[in-house]
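Please look over the sequence and the model shown here.

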Protein chains: 4
Amino acid sequence: MKIAIIGCGYWGTHLLRNFNQSEFWDLAGACDLDENQIKKVKNNYPNLYTTNSIDDILNIQGLDAIVISTPVFSHFEIAEKSLKKGINTWIEKPMTSNSEDAQKLIDLSIENNCIINIDHTYIYTPAVRKIKELITNGELGEILYYDSIRINLGLFQHDVNVIWDLAPHDISILNYLIDKKPTAVSATGSSVIKYNEKNLESIAYITIYYEDNTLAHLNVNWLSPLKIRQIIIGGSNKMLVFDDMAVSEKIKVYDTGVKLTNREDIYETLVQYRIGDMYSPALPNKEALKEEVDHFYNCIKNKKNTDTDAHSGLLVVQTIEAANKSLINGGAKIELL
Amino acid sequence: MKIAIIGCGYWGTHLLRNFNQSEFWDLAGACDLDENQIKKVKNNYPNLYTTNSIDDILNIQGLDAIVISTPVFSHFEIAEKSLKKGINTWIEKPMTSNSEDAQKLIDLSIENNCIINIDHTYIYTPAVRKIKELITNGELGEILYYDSIRINLGLFQHDVNVIWDLAPHDISILNYLIDKKPTAVSATGSSVIKYNEKNLESIAYITIYYEDNTLAHLNVNWLSPLKIRQIIIGGSNKMLVFDDMAVSEKIKVYDTGVKLTNREDIYETLVQYRIGDMYSPALPNKEALKEEVDHFYNCIKNKKNTDTDAHSGLLVVQTIEAANKSLINGGAKIELL
Amino acid sequence: MKIAIIGCGYWGTHLLRNFNQSEFWDLAGACDLDENQIKKVKNNYPNLYTTNSIDDILNIQGLDAIVISTPVFSHFEIAEKSLKKGINTWIEKPMTSNSEDAQKLIDLSIENNCIINIDHTYIYTPAVRKIKELITNGELGEILYYDSIRINLGLFQHDVNVIWDLAPHDISILNYLIDKKPTAVSATGSSVIKYNEKNLESIAYITIYYEDNTLAHLNVNWLSPLKIRQIIIGGSNKMLVFDDMAVSEKIKVYDTGVKLTNREDIYETLVQYRIGDMYSPALPNKEALKEEVDHFYNCIKNKKNTDTDAHSGLLVVQTIEAANKSLINGGAKIELL
Amino acid sequence: MKIAIIGCGYWGTHLLRNFNQSEFWDLAGACDLDENQIKKVKNNYPNLYTTNSIDDILNIQGLDAIVISTPVFSHFEIAEKSLKKGINTWIEKPMTSNSEDAQKLIDLSIENNCIINIDHTYIYTPAVRKIKELITNGELGEILYYDSIRINLGLFQHDVNVIWDLAPHDISILNYLIDKKPTAVSATGSSVIKYNEKNLESIAYITIYYEDNTLAHLNVNWLSPLKIRQIIIGGSNKMLVFDDMAVSEKIKVYDTGVKLTNREDIYETLVQYRIGDMYSPALPNKEALKEEVDHFYNCIKNKKNTDTDAHSGLLVVQTIEAANKSLINGGAKIELL
């Protein structure tokens, strides 16, 4: 199948490499508005067709799919064009800058009988796949809560807050892993440091409610001296800790059981928990982006949605919108429609 | 000075030991309603006067102070009696079960010219003292944010939620370290597991707002397979991480500077942070409770308030009340008056 | 059964507490040459018979056993007396200051029909018991190597080197876990810092050979800024890591398999290993010394040797002697007879 | 300056990339006996001169230097040819398979007025540079001991033992950091697992003696489930721990002081050590191989020896030879001449 890439920045180069190396894809063109980026692409892929015109790309003969790896504000306009031409469309995360646009793209993809894939790459990592497997096969029991931390010190984006920058990763992982419907969002945060006139939040805390008592909480922070990428998932049978910064043993599964004592006198005072054995499953050594590139091909071929389809992309955008609305309203609960 | 202890349960035995060993205090009596507890006390301190009557304790000749180490619902009634007699009063945390009672005790202590100490023991640990010193001497610069995690798996209290159980520790440490006025509270949480009819929360997330952009966040959880006791304090000069579970190097201070690039083109894209050297100060080997016992004596002698006085105790209770109110209202911001 | 303790220093107080609390033992006397130690014992056990005469202790009516918790140079003389009286004898580690004395005590215990227990307490810890169980039930396969590190910074003993001070722990654990006959010892070390005229080694490395290719290595060091207590055991099926400083997950078992490739071309270049799942067994919460105290009683009652009997004590002393001989001879291999 | 590379295997590709990107070097040719390797080189560097003839490479017009990145047994023969032509020569570690060959190459380089660089890359890492700086500026005081661990589970080399494979790294780092003359070597080890008929050691322990009481110890192991790369350096003022597996804070410097008590009674019992503050210096983000490539250029230009010159390469080979000789002789001390 023929594919072309629009947007050849940092992430675009990884996409170019993976589609170029893939046995399934024929890389047919690359587009960037910046001449310097085009030059770099030419250096690495001397025979690749390059252009600064999106229309030229979309007019490539027999194009099966495009990749949109441009700033978020431009996603809708480009995707709209490609979907209208019936071209399968891979969109960098987050899908769009508002949920109305996302919904319009979904409608267009249905009308034009093509698929949309949102590039929530984490879903294709061996670790997230293994956690999904452990949840699906009942190892953890019923999911009680989900607690995620993604904090570090580093480069700031100047035009979006930390929720738009970091939370799409966590919301997409959360929605992939927890097979329950989120109902509402509550968020707090602060632009603790003033680095431009926009006063954007660099720290935020997001609570996500479910129909039952399940609770999810995301901690995203651009200003932490520690780099932490940790998820704790509490289940009624076992509890799981995923530490993405660990060199080995990234996933640990704890055999934790509730010991509800029924005798009146003890019940009156304490409820006891115990920790039993722990085990850490080995993870295969695979590149997530390669997995996603292959998966995209197979889904187009078999007319199936990808594991990170437009509906999952829409839910991420809706959740971010709700979180930002709650944040402005001092943490008030915002329903997800 | 003469002291007596009311309530000889788990924490009471630590109090008995420390007051007994102190060079400043003469332990004059112990009181418990449970005969078995009295027996245990008798075994360890054969010559100590014991009784199951609070009034008997308060009538001990020349009593300078009492310690109230009973369940929280009884704090007010006992403290009211002792303060009316002009006896200096040490109260187990949290001070009272509501802020009105706490305010009444403050008024009584002023009327009767005696002091109240709330036993927020963490304030007297070498680690918290060292952090206070680093903040006070300007090492961290202005405080930007405060992020605390106190989670583990263990014994449950059956009659209060996780906020009343764990958060008093963190709120007292926070208020001691951050010399700014908290203005409002937002909290979310869930009773993810049903262990009795009261449906009390076992997980909660509390955001505390300040007059400026400073933000504090507390994560308290009874259901975590990992035991984490961690505080991150972001300062404008340096950032500090306190890991109370670390065997050594509990405090780490990171030299983190903002590199605000003024050149138009780079400013437009990214704000950069760097991490420089880290250092970890050595901590003296002291027992916090012994420090507090000595401090209580010195404050009574010199007619000064303790570092954990009634006003700090009141603020903790007010913050917990606000957090619980917010929790019921889906995270809505509750002002601290 | 009646027991008395000779030597009431640091470790002696732990022994007193455990024998006093035991349901199996009747603590009948305590002896120390230092009047201050006797006073401390009196304070804690007002009704206990105390004396500064070893003979008085040995003459206690109906005495079943004694504990010798005195400096190593005095072990032989005291044990000789008690064994000649047919009294079962618990000896602090290391058993004696030379292997001839140890052998004589073994002979005496046989002649007088009583047992000797050497207090290698580590053998009774839940962790070492669990490791033994994993080895015995074949979980690790054949034992290939044993690598132990016991290093820290702290108090120095002024009259023995680091091998006599620290290695008895490791040699006793090693001999308990590895059911093979050690045949020779090679050791190197240095008194890297001169703290008295004796120039005793504060760092040493000990290699222990077996009849087959199995190798054990012990690293003992009084001068390390890191406190490490780690054992790695390589087995033909699985490998085990024991980290005694870990707050949790002290034992980790790695599923490591050799992938011997038989194809000529690959075999010629590389032999490959893989790491699969890891698991960490939960450990019961038991005090090792209490286990040993109960075990001593049961062995006397049932006329059986303890798990840390005189033969194991002798082998420890022989190994230390060989290590010190090798150390003086620049690492030359010294046979164990 | 013109350079060519002989041997384009795994490490050769890194060398090709670095010399190609260098502003100082003009990459003039690449040689490999394997046609497949030549093809891969051609793919990445279409304009580069390639050949399977070493003589062709050495006859390149105006060649300033060559890199020998071939199996160790071929180093001597190739280097002999290049040095005789007065070509500066970069040799993969270890320098040669015996010390006589290494000495002959040193003589040839002097005769022909050109330099030899041995590719002990670790010397050029930011971490090792920083440790050297801390030692040189007296931060640690006098060096007392050096304890290194390099263990992991992975690919085996089938034709050399673990000492020839792993120890060159550690011996070169040790010699670079410790500015004292090593005098003798003692080593033990075992081929705990039989993977071919050669019965080569996969575990080894090497002690290196110095003129004074300083001691160095290297632990190298191909069969460890834990990957450890750790160096502890004990100094009379401070002690340093280098953990190369740490994601951050690779170097920690501990303020450890000896507290020699002179009072007779305490001196008789214990020597006390203390740990004070710790700090961890930030490390610049540099690629070691790029540093070495630049350094090689500067040394040729300024007629200076590199920091990893032929004498350092010879000492590494001599130490390995002595270690292997000791190993065969059961750990006996082998003098370094």
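The text below goes from the domains of one chain to a contact between chains, and then to a single residue.

The model is predicted, not experimental. In chain A, the domain assignment gives two entries: domain 1 covers 2-114, while domain 2 is made of 123-288 + 318-335. Between the C-alpha centres of domain 1 and domain 2 of chain A there are 31 Å. The two domains do touch: 4 residues of domain 1 of chain A are in contact with 6 residues of domain 2 of chain A. On the domain 1 side of chain A, the touching residues divide by class into 1 nonpolar, 2 polar and 1 charged.

The last stop is C:M245. In chain C, this residue sits in the loop between strand 13 (238-243) and strand 14 (251-259). Is C:M245 buried, exposed or partly exposed? C:M245 has 13 other C-beta atoms within 10 Å, so it is partly exposed; a residue counts as exposed at 12 or fewer and as buried at 20 or more.

Which residues does C:M245 contact, leaving aside its neighbours within four places in sequence? They are C:K227, C:I228 and C:R229 in chain C, together with B:V247 in chain B. For C:K227, the separation from C:M245 is 18 residues in sequence and 7.8 Å in space, taken from C-alpha to C-alpha.

Technical notes. Residues are numbered from 1 along each chain as its sequence is written. Chains are lettered from A and ligands numbered from 1 in the order in which they are written. This is a predicted model: local features need pLDDT of at least 70, side-chain atom pairs count only at pLDDT 80 or more; totals for chains, interfaces and linings use all residues. Domain bounds come from an automatic or database domain assignment. Two residues are in contact if their C-beta atoms, placed from the backbone, lie within 7 Å. Ala, Val, Leu, Ile, Met, Phe, Trp, Tyr, Cys and Pro count as nonpolar, Asp, Glu, Lys and Arg as charged, and the others, Gly among them, as polar. Helices (H or I, at least four residues) and strands (E, at least two) are DSSP runs, numbered from the N terminus.
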